[in-house]
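Here is a short note to read with the structure open beside you. Each point takes up one part of the chain.

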Amino acid sequence: MAANQKLIFINLPVTDLERSVRFYEAIGGRKEPKFSNDDAAMIVLSDTIHVMLLTHPFYSSFTGKPIANAHETSQVLLCLSAENRDAVDSTVEAAGAAGGKTDLSLRSDNNAMMYGRDFEDPDGHSWEVMWMDASFAEQGAHPVETADATADRH
């Protein structure tokens, strides 16, 4: 890992730790035993992205705030990149097969520039998997927004 490269650790409260581990392994994560016990499990999604699955009592030891019911409220939308459209589909399909809910919002298919689908894990945490065309990513959204606004005026 480069000296200036940052890691992200996503801490999620879960009601059934083993079920959640199985779910995240099914979508391509790897459990890291060095940081897993009866209260928590680290799931490695990539060299820089880690999901910390925490039982409710353990999660509560980090905050005095109540734990949101992610089935009823939205607290965060998490998005993972994918290398192509097929990888988006296979990740979302794996989430569904592992007990997640899939395609809860509209699929995002923006003129062959972007493609995404979403899923919820068994605890209701919302994830999106997104592929973006490399040339679109390089130019950014502003040129497309400007072209769309110009077209709308005519």
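1. A residue is called buried when its relative accessible area is under 20%, exposed when it is over 50%, and partly exposed in between. The model is predicted, and by that rule buried residues make up 36% of the chain's 154 residues. The chain exposes about 9500 Å², and 51% of this area comes from carbon and sulfur atoms.

2. The chain contains five helices and nine strands. In sequence order they give the pattern β-α-β-β-β-α-β-α-β-β-β-β-α-α. Of the contacts with a separation of 6 or more, 52% are between residues 24 or more positions apart.

3. Strand β9 (residues 126–132) pairs with β5 (residues 77–81) in the parallel sense, over five bridges. Here L77 stands opposite S126 in β9. Strand β9 also pairs with β8 (residues 114–120), this time in the antiparallel sense and over seven bridges. In this second pairing, G116 has M130 in β9 as its bridge partner.

4. What lies between β8 and β9? The two strands form a hairpin with five residues between them, and G124 in the turn has a positive phi of about 90°.

5. The largest nonpolar core has 24 residues. Those with the most contacts inside this core are L12, Y24, L53, F119 and W127. Two or more residues each come from β1, α1 (17–26), β3, β4 (49–55), β5, α3 (85–97), β8 and β9. Another core, of five residues, lies apart from the largest one; among its members are A40, M42, M52 and L54.

6. F119 deserves a separate look. Leaving out residues up to four places away in sequence, F119 touches F23, I27, T91, V92, A95, K101, T102, H125, S126, W127 and V129.

7. The buried residues of α3 are A87, V88, D89, T91, V92 and A95. These buried residues pack against α1, β6 (101–102), β8 and β9.

8. M114 is in strand β8. Is M114 buried or exposed? Its relative accessibility is 18%, and the cut-off for buried is under 20%, so M114 counts as buried. Not counting residues up to four places away in sequence, M114 touches R85, S108, D109, M130, W131, M132 and F136. One of these, M130, is 16 residues from M114 along the chain, and their C-alpha atoms are separated by 7.1 Å.

9. P57 belongs to helix α2 (residues 56–60). Its relative accessible area is 65%; the cut-off for exposed is over 50%, so P57 is exposed. P57 and P13 are 44 residues apart in sequence, while the distance between their C-alpha atoms is 8.8 Å.

10. The last point concerns a backbone angle. Most residues other than glycine have a negative phi. D103 has a phi near 50°, a positive value in a residue other than glycine. Where is the place of D103? It is in the loop between β6 and β7 (108–110). At 26% relative accessibility, D103 counts as partly exposed, because the value falls between the cut-offs of 20% and 50%.

Technical notes:
Residues are numbered from 1 along each chain as its sequence is written. This is a predicted model: local features need pLDDT of at least 70, side-chain atom pairs count only at pLDDT 80 or more; totals for chains, interfaces and linings use all residues. Side-chain values use heavy atoms; hydrogens and water are left out. Helices (H or I, at least four residues) and strands (E, at least two) are DSSP runs, numbered from the N terminus. Buried means under 20% relative accessible area, exposed over 50%, partly exposed in between (1.4 Å probe, protein chains only). Contact means heavy atoms within 4.5 Å. Accessible areas come from the Shrake-Rupley method with a 1.4 Å probe; for residues, only the protein chains shown count as cover. Two strands pair if DSSP finds at least two bridges between them. A nonpolar core is a set of buried Ala, Val, Leu, Ile, Met, Phe, Trp, Tyr and Cys residues joined through side-chain atoms within 4.5 Å.
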